[in-house]
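Subject: The structure we talked about

Hi,

Here is the structure I promised to pass on. Have a look at it first, and then read my notes below.

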Amino acid sequence: MQGQLAMEGALTARDRVGIQDFVLLDETTDAAFLSNLTKRFSKDLIYTYIGTLLVSVNPYKELDIYNNKQMDLYMGVNFFELPPHIYALADNAYHTMLTEFNNHFILISGESGAGKTEASKKILQYYAVSCPSTTLLNTVRDKMLMSNPVLEAFGNAKTLKNDNSSRFGKYMDIQFDSQGDAVGGHILNYLLEKSRVVHQNHGERNFHIFYQLVEGGEEGLLHQLGLERDCQHYDYLTQGECAIVSSINDRNDWKTVKNALQIINIDEININHLFGTVASVLHLGNVRFDSDSKGRAQLNENNAELRWVSDLLGVDAHSLQEGLTYRKIEAKKDQVLSPFTIDHAIYVRDALAKAIYGQTFTWLVNRINESMENKDLSRKNVIGLLDIYGFEVFYVNSFEQFCINYCNEKLQQLFIQLTLKAEQEEYEAEDIEWEPVQFFNNKIICDLVEEKHRGIISILDEECLRPGDATDLTFLERLEERMSNHPHFVTHKLADKMTRKTLERGDFRLLHYAGEVTYCVVGFLDKNNDLLYKNIKDLICQSKNAIISESFSTMDSDSMRRPETVATQFKSSLLKLTDILMAKDAWYIRCLKPNESKQPGHFDEALVRHQVKYLGLMEHLRVRRAGFAYRRKYEVFLKRYKPLCPATWPHWRGLPADGVEVLVQHLGYLPDEYKMGRTKIFIRHPRTLYATEDAFEKCKHDLATRLQAKYKGYKAKGEFRKQREAATKIETCWRGVQARKERDRRAWAVKVIKKFIKGYMTRGQAKNTDNSEYLAFVRQNYLNRLKGNLPKTVLDKTTWQTPPAVLAETSEILRKLHYRLMVRKYVRGITPQKKAQFQMKLLTSSIFKGKKESYPQSVAQPFVDTRISEQDINMRVLQMIRNEHIKYGVPVIKYDRNGFKPRPRQLVLTQRAAHVIEEANIKQTVPYTSLKGISVSNLTDGIVVFHIACEVPKQKGALIMQCDTLFEFLTKLSIIANKQNAIQVVHGSIQFEIQAGKESAVDFSSGQEPTVYKAKNGHLMVVAARARTR
Ligand SMILES: Nc1ncnc2c1ncn2[C@@H]1O[C@H](COP(=O)(O)OP(=O)(O)O)[C@@H](O)[C@H]1O
Ligand SMILES: [Mg+2]
């Protein structure tokens, strides 16, 4: 059962805002009930369950819970899975219908303005969106949806409680085929409040359609109907003094209604007739009567309003005038016209207006039914929507309230029967002993009202039919006579002292299941009779207005049998309805209004408490909770709670029922707290379930933690394994790649080495494929080596790298090139001075190279311009030789010719001669012309001998000197005096003349220590240092 499913949703949600299901309230008191309702209302949670019953509180503001997204959310979802919503109820009814293939109805009840009509519209919209659709079905659906604005225009009105109050009861069947498509619809209407047509209380309006027509009707139409665009002009529209209210836009609604009329297939002609009847009522309301002297009502046949009525209804004006002012009494064969008083005439006029409007409304409902009818005879299932007036208690309650409250009493009875029936059936099916449920059964009140011959309605009818002067008060007396001992019936006369104070003499009070209501009997008879006099009825039947003629002719005016009274009609239609409903599965929506001022967010607790009471919500709750509050299929119960018992967790291998038994034993359920049915466990108190649920919550956490840990471990392990596998794979791949690379490298190396070896072996051969690379390598290798080891100076002749055979020639060329390059570089770096020096050195070389031992050492010593500067020469000497041009000067040691005494002297070479100078004296001048020869030894000594021609006057023979810079001196001399050929290198000794004819010699030898001395043979002995050999 859905009730129990709902409970589960409520269980899981009970810690949110209040409790989603009143069944699970800890205590079933008004206070607890209201507190839960208030809590939820304050959070805009307007829906709460009592089992499958939906309690709805009018939010008086648009809530964003009716969009397509919400519809999708609730579509096909189990009742208990989502927060309470009207869509959940609609969807659940729909799906139960489809799966169980049976019929359902949704009873929407509640006080005027509590949101019943809105609720029924929401359900209709839900089906329009959620059911499967085809183009054909869409038109059916449109008609169902569009029947609403039409019925509301004609059947709703502004009241003090609701700007759009439905003034009729409505039961609408939606027919579904086996696929779940909405394929047709049918409407039953109940007890339209016709009195509103002719009378409205202050602050209330007539039915919307009148204002819509006057305000919104096109000019042409108004003209054709003889109407003025001014509501104030019409008596029937102005009694409430609020024809125009800001909350209602009659003009817009008019357009909607016109459009809707087309969609529900009402053709142009009928639309004209329809507005004709509406207009005729307005005109009728403006018909006024004059009185003659005897107080009889007078009406001129040419009265403009009368004319319009006769035109619009297509009846004879005279007959109409007569019908409104006389009653035709048929006595035997004669007809007697009995004139009306003005009041009576007005009564008749109003009765006609009410009848016209009432019949028109019925006609309209029939038309809508025709347009929604599904002519296919295959089996359909239906969901009925019952939007019926709720219990009404006013300050003064009249016949209408009596009917309405009777209706509610019947519906409560129906609810009790259905619920108890369902309960009992379930108990029987489950083989559980039926325990009588403690609740108030209102059958006694239903009987009080409706029982044949004894009920209030029967007594009322009797009074209405009784010949003689029956009045409302005689009716009351009858009631007092017949009901005197009834516990639910009180009047002023029957009451005890205390109660009497609260009752008027014309009142009777019924103790309804929802509370006491005091009714004032005034008008009961008239309203129950609701009669039209025969003459006027006959006249109307001849109407040329098709709607009127059609609907009045079915009232069997011809038959002499009295038509049924209103109450009896109502009673039988309710009985029919009860039959219709009893054959169906019931769903309930109870609407509550939170305050009287239509304000959002305001919760008037007293007002709501009152409604909770008379909607019987507490009764409902008690019935729901009587016996067992909770029941559940064994499988489902076990599945949810099996973690609570080690024996059932994680798997129970036996029968589910046994598993449940073990489980509840483990949980410590007491024997009277639960019962085991055939397929279900029944739990008596919510608290037992709560305890179980709490344990489950706790256990769920533990379990969740354990599962989570396990799962995390498992996941981590898996992850790790995956990573490890991946790593291994990558490694293997990488290793493969490396190995292949290595293999390739080795193969390559082998090839290269092989080639190298082969190249090496064939290196001597001419270049061929085998050795070309090797040779190239050798070449490159050699050149690289050579590059890094080139000789740095021209003189370095040893550094050159030894070339391999193939490069011998190249190497030689390179070598030469390199040396040339170095030489070139060197030469480029030589200055003119250096050049001159080299030339001198060249000269020196040509004279001494290979001849004198000390020569090699001298090569590196640079020559200087002179060894004695002019300052160092004595001024006198300088003056004597200046004009000869001094070219070179050098200090020497002069050896005497005879004694070989060494004397230091300056030797200065001029252009013309060599001068031997001592201080200020020129000791000897040797003109170059007289210089015959110059001798030096081959050894390392510095001895120079000038051979001078002795015949030359003043010349004293040879000049023997020792000079440290011998080569420089002699080279300069040979250049200045052009004497290179005169220089001789002598071995052993140098012979020379001391004076003409007298010779001496200088003997040379090599020794350890260089010395110069006069030898015993009179020669000058020169020991030269032995030349160092390199
Ligand atoms: N679910 C709802 N959401 C928003 N407003 C609502 C809702 N139900 C009712 N109302 C408001 O309350 C007014 C009266 O509702 P209605 O269904 O006509 O009452 P009832 O048919 O019970 O007399 C609506 O016109 C609307 O303004
Ligand atoms: Mg309504």
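Which residues coordinate the magnesium ion (ligand 2)? They are Thr 117, through its OG1 atom, and Ser 166, through its OG atom, at 1.9 to 2.1 Å. This pair brings together distant parts of the chain, since Thr 117 belongs to helix α5 (residues 116-130) and Ser 166 to strand β5 (residues 165-166), 49 residues apart. Both Thr 117 and Ser 166 are buried. Keep in mind as you read on that this is a predicted model.

Now the whole protein. It has 35 helices and 31 strands. Its radius of gyration is 72 Å, while the globule rule gives 31 Å for 1030 residues, so the protein is more spread out than a compact globule. You can see that in the box its C-alpha atoms fill, too: roughly 225 × 80 × 70 Å along the principal axes.

Even so, 51% of the 1030 residues are buried. If you take the contacts with a separation of 6 or more, 63% of them are between residues 24 or more positions apart. The protein exposes about 51,100 Å², and carbon and sulfur atoms supply 52% of that. As for charge, there are 142 positive and 123 negative side chains, and the centres of these two sets lie 24 Å apart.

Most residues other than glycine have a negative phi, and most peptide bonds are trans.

- Trp 649 and Pro 650 are joined by a cis peptide bond, with omega at about 0°. Pro 650 is in the loop between α27 (634-641) and α28 (656-667).
- Asn 265 is not a glycine, yet its phi is positive, about 65°. You'll find Asn 265 in the loop between α11 (250-263) and α12 (268-285), and it counts as exposed at 52% relative accessibility.
- Asp 431 also has a positive phi without being a glycine, near 65°. Its place is the loop between α16 (399-429) and α17 (443-450), and at 56% relative accessibility Asp 431 counts as exposed.

Start with Leu 638, which sits in helix α27. Is Leu 638 buried or exposed? Its relative accessible area is 8%, so it is buried. Leaving out residues up to four places away in sequence, Leu 638 touches Thr 648, Trp 652, Pro 656, Gly 659, Val 660 and Leu 663. For a sense of distance, the C-alpha atoms of Leu 638 and Ile 187 are separated by 45 Å, and the two residues are 451 residues apart along the chain.

Then try Val 521, in the loop between β15 (515-520) and α21 (524-529). Val 521 may be in a loop, but at 1% relative accessibility it counts as buried. Apart from its neighbours within four places in sequence, Val 521 is in contact with Asp 472, Leu 473, Phe 475, Leu 476, Gly 506 and Phe 508. Its C-alpha atom is separated by 36 Å from that of Asn 303, 218 residues apart along the chain.

Ser 1000 is in strand β29 (residues 998-1007). With a relative accessible area of 7%, Ser 1000 is buried. Which residues does Ser 1000 touch, not counting those up to four places away in sequence? The list is Phe 900, Ile 990, Gln 991, Phe 992, Ile 994, Gly 1018 and His 1019.

Not counting residues up to four places away in sequence, Arg 912 touches Glu 884, Thr 925, Pro 927 and Tyr 928. If you want to see how far the model reaches, pick out Arg 912 and Thr 159: they are 162 Å apart in space, C-alpha to C-alpha, and 753 residues apart in sequence.

Cheers

Definitions and conventions. Residues are numbered from 1 along each chain as its sequence is written. Chains are lettered from A and ligands numbered from 1 in the order in which they are written. Side-chain values use heavy atoms; hydrogens and water are left out. Helices (H or I, at least four residues) and strands (E, at least two) are DSSP runs, numbered from the N terminus. The radius of gyration is taken over C-alpha atoms; the globule rule is 2.2 Å times the number of residues to the power 0.38. Buried means under 20% relative accessible area, exposed over 50%, partly exposed in between (1.4 Å probe, protein chains only). Contact means heavy atoms within 4.5 Å. Accessible areas come from the Shrake-Rupley method with a 1.4 Å probe; for residues, only the protein chains shown count as cover. Lys and Arg count as positive and Asp and Glu as negative; His and the chain ends are not counted. The place of a charge is taken as NZ of Lys, CZ of Arg, CG of Asp or CD of Glu. Donors are N, O and S atoms within 2.8 Å of the metal (3.2 Å for Na, K and Ca); water is not among the atoms, so sites may look incomplete.
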